[in-house]
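Thanks for coming. I will go through one structure today, from the whole chain down to a few single residues. Please have a look at it first.

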Amino acid sequence: DVQVDPVIVDPVIVAPTGEIKKLFNEGRALEQQGNIQASQRIFAKVTKLAPRFIYGWAYLGNSQVALGSLDPAENSYTKAVNLCVESRKEE
C-alpha cells in the first residue's frame, strides 16, 4: 500500500495581520485619495504575499475595474469569490 500524505493548505485569510495588514491599509488609503494606479500596485503586492487573502483580491479587482482592466478584474474577483466559498467550507 502506498501512503499518501494529506495536502496541507494554508487557511483562507479574512483578517490580515502584520505587514499584510499594513500594506493593505496603505492601498486602501491610496485608493481613497484617488491614486488608483498606486493602490493597484499595492494590492497586487498584497495578493503575491498573501494569495489566500480574500479582500486583497477583491480590492485588486476594484482597482483594475477603475483603470478599465476588466479581464484581469474578472480573474481577481473570481479568486476572491472562490476563497469565500472555500472559507465557508472551513467553518
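The accessible surface of this chain comes to about 6300 Å², and carbon and sulfur atoms account for 53% of that surface. Areas here come from the Shrake-Rupley method with a 1.4 Å probe, and for residues only the protein chains shown count as cover. A word on where the values come from: this is a predicted model, in which local features need pLDDT of at least 70 and side-chain atom pairs count only at pLDDT 80 or more, while totals for chains, interfaces and linings use all residues. Residues are numbered from 1 along each chain as its sequence is written, and side-chain values use heavy atoms, with hydrogens and water left out.

Now the overall layout. The chain has 4 helices and 0 strands, in the order α-α-α-α from the N terminus. Helices (H or I, at least four residues) and strands (E, at least two) are DSSP runs, numbered from the N terminus. Of the 91 residues, 34% are buried; buried means under 20% relative accessible area, exposed means over 50%, and partly exposed is in between, with a 1.4 Å probe and protein chains only. As for contacts, meaning heavy atoms within 4.5 Å, 53% of those between residues at least 6 apart in sequence join residues at least 24 apart.

What sits in the largest nonpolar core? That core has 17 residues, and Val46 and Phe53 have the most contacts inside it. The elements giving it two or more residues are α1 (18-32), α2 (36-49), α3 (54-66) and α4 (70-90). By nonpolar core I mean a set of buried Ala, Val, Leu, Ile, Met, Phe, Trp, Tyr and Cys residues joined through side-chain atoms within 4.5 Å. Val46 itself, leaving aside neighbours within four places in sequence, is in contact with Ile20, Leu23, Phe24, Phe53 and Gly56.

Next, how the helices pack. The axes of α1 and α2 come within 8 Å and cross at roughly 160°. Axes are lines fitted to C-alpha atoms, for helices over the stretch in contact, and angles run from 0 to 180 degrees between N-to-C directions. The two helices α1 and α2 are therefore roughly antiparallel. On the scale used, angles under 35 degrees are roughly parallel, over 145 roughly antiparallel, 65 to 115 roughly perpendicular, and the rest oblique. The α1 and α2 crossing is left-handed, which is the term when the near helix is turned anticlockwise from the far one by less than a right angle; clockwise would be right-handed. Among the residues that meet here are Leu23, Gly27 and Leu30 in α1, and Ile42, Phe43 and Val46 in α2.

For α2 and α3, the axes come within 9 Å and cross at roughly 150°. That makes α2 roughly antiparallel to α3. The contact includes Ile36, Ser39, Gln40 and Phe43 of α2, and Tyr59, Leu60 and Ser63 of α3. This crossing of α2 and α3 is left-handed.

The remaining pair I will mention is α1 and α3. Their axes come within 11 Å and cross at roughly 25°, so α1 and α3 are roughly parallel to each other. α1 passes α3 in a left-handed crossing. Phe24, Arg28 and Glu31 in α1 meet Tyr55, Gly56, Tyr59 and Asn62 in α3.

Last, some single residues. Not counting residues up to four places away in sequence, Ile42 touches Leu23, Glu26, Gly27 and Leu30. Its C-alpha lies 10.0 Å from that of Glu31, 11 residues away in sequence.

Ser63, in helix α3, is buried with a relative accessible area of 1%. Beyond its neighbours within four places in sequence, Ser63 is in contact with Ile36, Ser39, Gln40 and Phe43.

Leu67 lies in the loop between α3 and α4 and is partly exposed, at 35% relative accessible area. With neighbours within four places in sequence left aside, Leu67 is in contact with Ile36, Gln37 and Gln40.

Ser87, in helix α4, counts as buried at 14% relative accessibility. Apart from neighbours within four places in sequence, Ser87 is in contact with Val12, Val14 and Ile54.
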